[in-house]
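Here is a short briefing on a two-chain model. Look over the sequence and the structure first, then read the points below.

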Amino acid sequence: MRKPRTPVIGLEIHVQMKTESKLFCACSTDYIGAVPNTNVCPVCLGLPGALPVVNRKAIEYAVRTALALGARIGLSTRFHRKNYFYPDLPKAYQISQYDVPLAEGGRLPVGEEEKRKWIPITRLHLEEDAGKLVHSARDGRLGNSEYSLVDYNRGGVPLTEIVTEPELSTPSEARDFVSRLRQLVRFLGVSDGDMEKGSLRVDANVSLTDPQGGLGTKVEIKNMNSLRSLERALEFEIARQELCLERGEPIRQETRHWDDGKGLTRGTRGKEEAHDYRYFPDPDLPPLVLSEAFVEEQRRLLPELPWDLKERFILQLGLSSEDASTLTELPGIARYFEGCVREGASPNRAANWIRTEVMRFLNEKKTSIENFPLSPEKLSRLLARIDKGQLSTTLAKTVFERMVTENLDEDEALEKAGAIAGKVSGDNLREMVKKVLEKEGPTVEEIKSGRDSKGKKRSFLCGLVMRESKGQADPAEVAKVLEDILDR
Amino acid sequence: MNAAEMAKAVREAKISAVEIAEGAIGRIRLIDSDVRALLTPLFERALEKAEEIDRKIELKQDPGPLAGVPVIVKDNLCMRGQVTTCGSRMLENWRPPYDASVVRFLEEAGAVILGKANMDEFAMGSSTENSAFFPTANPWDLERVPGGSSGGSAAAVACGYVPLALGSDTGGSIRQPAAFCGVYGLKPTYGLVSRFGLVAFASSLDQVGPFARSVEDLALAMNVLSKPDPADATSSWRTRPDYAAFLGREHLKGMKVGLVSEFEDYPVQSEITEALARVESILREAGAEFVPVSLPTTIEAGLPCYYILAPAEASSNLARYDGVRYGLSAEAESLMDLYMKTRGLGFGPEVKRRILTGTYVLSSGYYDAYYLVAQKARIRISREFRSAFEGADMILMPTTPTLPFRKGEHQDDPIQMYLSDVFTLPVNLAGLPGLSLNAGYSKSGLPVGVQFVGPKWGEGTLLAAAEAVERVLGKPTCAFGGEKA
């Protein structure tokens, strides 16, 4: 019986480690925006006579990543040289790992709870990044360029390469995998995990099974620099391969580049060169021997993993799965949320506020939670006022807005918002309510005749009173007064 | 004067560093047009450095154990801002922006570097004829080669320009020229001396070491050079002994010296065999005991093993010379064209031969048959030496199978050239210390060297034994009429 062709997807992901210095020298890894060729030294420029010395921090970060993935750490591994000529590779070899990687095995979950699927990891190893070529052509392409420039600032930045087993079967699973991995490295604090900036790079291998379920020809796709383009590239490539097979055309084993603008993958013209990297152990670096104690220390330093945290938010704090997902996307947000809860905020209200008000602010200002002006303590205090009925939600948002945009402290913001809660209360409030009700005769009639079963009309009246009080009334009191008068 | 005496005189203000430097420069100007040991003289810089030393003396500061001692360093050691060619067109105008650690150690110890010595291109060769610029002559017979690849350094010490010079030894490049030029040459245990700033030939075999005309100076140099270096991941962190403390022994009683049984049948020129016998009897006289040791794999597999591993590493180490960043860069139409032309023009035939060999043995399909087999042989050779040293404190063996050969003699026959390293390269494969010392002169007046090989970190034993020989045979003399330096 013919089975439908199923996509078989494997990923090869390069994650830049956020160490201060490069993998084999003391140069800064902070190359974004740096003047070209300023973060360089004889070692990362591969000058004659210079020698590499491995950065301990990079090993720590890679080991932590491996441990978080549940991989087995190789206690005695080594570095190999991968030899090839290219102008961005100053030694004409890349120091990488080959036969004995830093870690093997491990897995990462994709999909939501009920449909969770564990994708096995093949291996994880450390290697150095290459420099960057800048082509002179306006489109930045090599083909149309008169000349190319090389910037070695990125050369030697530590990369952790993670290779999965080809067990992903849909573009969205692949996307989910990368998004989980990104979340993980951010939680571990080992990488920015930013695909747009290139601190997380994904290559994918795609093939379609043949009608008997056997493996098809594998195509490697590159140049996807967002989760969205990864998904689109895979979708395109799967469709392309299906079409090829339907037409009876063979699928070439090749590397194809994703063109995000045109929305298609493009094969490299001409014949592919078969690379012989002539790997051999780097004689400049002694074997990398890690002690059990070192590995245990790294294990001890692992933070709570994002999926564990999410589960805890749901089970212990009663958050919805959606809230918990959003709040555990970034470690900073999760910490902020936990800070609010610790300060006494109700988990659901804090979650709600962070997802809406806080994140809106961060998006508008294009900043991160680390630069958010309001501490969890201050936000909690504000939220507590809502809980205590001192402030309506609407007014609280105004106060919040003033606190974050004008950098006011809470009292100032309350004052400026004219919102010292309860200012309009008691008799004043009663008068105000009466005045409003006089103008809203028909609504009052409706309520009294019992047609307001869902309480919508009452809420509407409450709102009018609040507006009349310019938010300076306590909504709970308004409701109470309103009830009182209407029921009489 | 040897280096120790010079430093003492300078520190005691009996002679100035400038006077010493001027004397050395004078001698170089007198002789070096014939010998051509120096590739790049650094006389002005040297005189300035010498003045600094003298100022320190005036200020009663200690310039260090090599105060005012003139030295010459092989041109594969980086010196900040100074041309470092490695004997190659590829780096003809290259000025490193940093100092090799050993260069820094020398200058911190008060040494005055007079110049950069000629060498076989990228340290590949045994005659210094592979220098891209000019060959160096053997000071004892200008028609003959000084050995290589550190031929310039050896010749400089033999000519009496300087009492100390630095070379590098990957398969014999210090010891073979030391033997050919009639001076001491010590290749330290792998990891004892920093390789940072030594332009790599074969990283797992390269080691920097000194040439000298007295054992005392070798010890002095080792005290300066053998420091742990955080910039070299293969540098050992073990505590270094005071090498001078190994000297001054009255006898060698209790010392066991190994003689390699398998070497007895190996064709070695008779005058070298005689020199070995001479040294053996001196050591016996001093109280050493002789024991047979066996190194069957070493003699059989050493040479092919070396000529697989060293080119393999070299092919990778020299790949960086691509015309993109520094050094020679040919006019080219495309990237591939740039690579081909630059490397075609920049490298000499021996370097190309080794890059091709090395690329071949690392290629997929050949790796297992060559590189891997050679790695296994290397491990066996190391084990063989280790068990030999269970019964012996050091081994006495030839440095070379022949006396210095004539210029051009082996230029068309790489195998014959390679064979001149048959006794030295196993020592690099096993990472051991090896010391070549002069043991007299042939009837034709050529120096004859022999080699002491020790277990790892066994430099002290080698120095003690060499001193015992020096007491009887005297210190090596300078070519061209004794010491005027």
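Predicted model: local features only at pLDDT ≥ 70, side-chain atom pairs only at ≥ 80, totals over all residues.

Residues are numbered from 1 along each chain as its sequence is written, while chains are lettered from A and ligands numbered from 1 in the order in which they are written.

**Overall form**

- The C-alpha atoms of chain B fill a box of roughly 60 × 55 × 45 Å, taken along the principal axes.
- Chain B contains 15 helices and 11 strands. Helices (H or I, at least four residues) and strands (E, at least two) are DSSP runs, numbered from the N terminus.
- Chain A contains 15 helices and 17 strands. Its radius of gyration is 30 Å, well over the 23 Å that the globule rule gives for 488 residues, so chain A is more spread out than a compact globule.
- The C-alpha trace of chain A spans about 90 × 60 × 50 Å along its principal axes.

**Domains of chain A**

- Chain A is assigned domain 1 (7-294), domain 2 (304-416) and domain 3 (426-487). The bounds come from an automatic or database domain assignment.
- The centres of domain 1 and domain 3 of chain A lie 63 Å apart, taken over C-alpha atoms.

**Interface between the chains**

- On the chain A side, 25 residues are in contact with 34 residues of chain B. Contact means that the C-beta atoms of two residues, placed from the backbone, lie within 7 Å.
- Ala, Val, Leu, Ile, Met, Phe, Trp, Tyr, Cys and Pro count as nonpolar, Asp, Glu, Lys and Arg as charged, and the others, Gly among them, as polar.

**Helix packing in chain A**

- Helix α1 (residues 56-68) and helix α2 (residues 171-188) of chain A pack at about 130°, with axes 10 Å apart. That angle makes α1(A) oblique to α2(A). Axes are lines fitted to C-alpha atoms, for helices over the stretch in contact, and angles run from 0 to 180 degrees between N-to-C directions. Angles under 35 degrees count as roughly parallel, over 145 as roughly antiparallel, 65 to 115 as roughly perpendicular and the rest as oblique.
- From α1(A), A:Arg64, A:Thr65 and A:Ala68 make the contact, and from α2(A), A:Leu184, A:Val185 and A:Leu188. By class, these are 4 nonpolar, 1 polar and 1 charged.
- The axes of α1(A) and helix α4 (residues 292-300) of chain A come within 9 Å and cross at roughly 70°. That makes α1(A) roughly perpendicular to α4(A).
- Here A:Glu60, A:Val63, A:Arg64 and A:Leu67 of α1(A) meet A:Val295, A:Gln298 and A:Arg299 of α4(A). This contact has 3 nonpolar, 1 polar and 3 charged residues.

**Helix packing in chain B**

- Helix α7 (residues 215-225) and helix α15 (residues 459-473) of chain B pack at about 160°, with axes 9 Å apart. The two helices, α7(B) and α15(B), are therefore roughly antiparallel.
- B:Val215, B:Leu218, B:Ala219 and B:Met222 of α7(B) contact B:Glu459, B:Leu463, B:Ala466, B:Glu467 and B:Glu470 of α15(B). The contact has 6 nonpolar, no polar and 3 charged residues.

**Backbone details**

- The peptide bond from B:Gly148 to B:Ser149 is cis, with omega near 10°. B:Ser149 sits in the loop between β3 (112-117) and α5 (151-158) of chain B.
- A:Ala92 is not a glycine, yet has a positive phi of about 65°. A:Ala92 lies in the loop between β4 (80-83) and β5 (93-96) of chain A.

Methods. Rg over C-alpha atoms; globule rule 2.2 N^0.38 Å.
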